[in-house]
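Please look over the sequence and the 3D structure shown below, and then read the briefing that follows, which is grouped by topic.

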Amino acid sequence: DFKRKGIDIAINTVNLLNEKGFKSHLKIIGCDGVNGKNHSYFGNFDKSKYDQYHTYLKFYEDSEILLHPARFDASPIVTSEAAAFGIPTVTNNVGGISTSVKDGISGIVLPQGSKSTAYVNAIIELINTPKRYFDLRKTTRIRYEKELHWGVAGKIMDKILKECI
C-alpha cells in the first residue's frame, strides 16, 4: 500500500539524501511501481519458495538501514526481520511501530507525521556518528534475540493462554 506505507516519503527522503551528497538507493519490497533514479521496486516475494526466500533475505544482507516512514502500520513484521540482521529502522510513532522499534535501541522513532526532512536529518546523524550507528546495530540485534522473534512470541502467548485457564 503505497500511501499507507509512506513510500512517497521514503522516495523523497532518498532523493534529498542524494541531493545533499549522500549516495543512497531505496529498494522497495512488497509493491510494484516505476523505478526512479534513486529507487527500485522489487514486488512481492513468496517466502515459502526457497529461491524467493533467499532473494528476499539478500535485501537485508545488503542493507544499512530500514527506512519505514509508514503513515500507519498496526504490527509490522519487517522491522523484526531487519532486527534479525542487526539493521536499525528509521520510522515514526504510528500504529504498533513504536512497540516493534524502540527509539535509540533498535532504531530511530520520529514523531508521528514526520516529513522527509526529519528522516534525512536522522539518517545523516547516523552517517556522521559511525560509533552510534554501529552501537545501534548491536543493540538492534540484541533486542531481536531477547524480544522480537517467534520463539519469544510463542512463550509470551503460552503464558497468556495458561493464565486464562
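**Salt bridges and a helix**

Asp46 counts as partly exposed because its relative accessibility is 30%, where buried means under 20% relative accessible area, exposed means over 50%, and partly exposed lies in between (1.4 Å probe, protein chains only). This is a predicted model, in which local features need pLDDT of at least 70 and side-chain atom pairs count only at pLDDT 80 or more, while totals for chains, interfaces and linings use all residues. Residues are numbered from 1 along each chain as its sequence is written, and side-chain values use heavy atoms, with hydrogens and water left out.

**Salt bridges**
- A salt bridge is a side-chain nitrogen of Lys or Arg within 4 Å of a carboxyl oxygen of Asp or Glu, and the count by this rule comes to 12.
- Asp46 forms one of them with Lys49, at 4.0 Å from N to O, and Lys49 is partly exposed at 43% relative accessibility.
- Lys58 and Asp62 are joined by a salt bridge of 3.1 Å, N to O; Lys58 is partly exposed at 42%, and Asp62 is partly exposed at 42%.
- A network of salt bridges links Lys102, Arg143 and Glu147.

**Helix H5**
- Helices (H or I, at least four residues) and strands (E, at least two) are DSSP runs, numbered from the N terminus.
- Helix H5 (residues 116-128) has 13 residues and should span 18 Å at 1.5 Å a residue, which agrees with the 18 Å between its end C-alpha atoms; the expected span is 1.5 Å times one less than the number of residues.
- The buried residues of H5 include Ser116, Tyr119 and Leu126.
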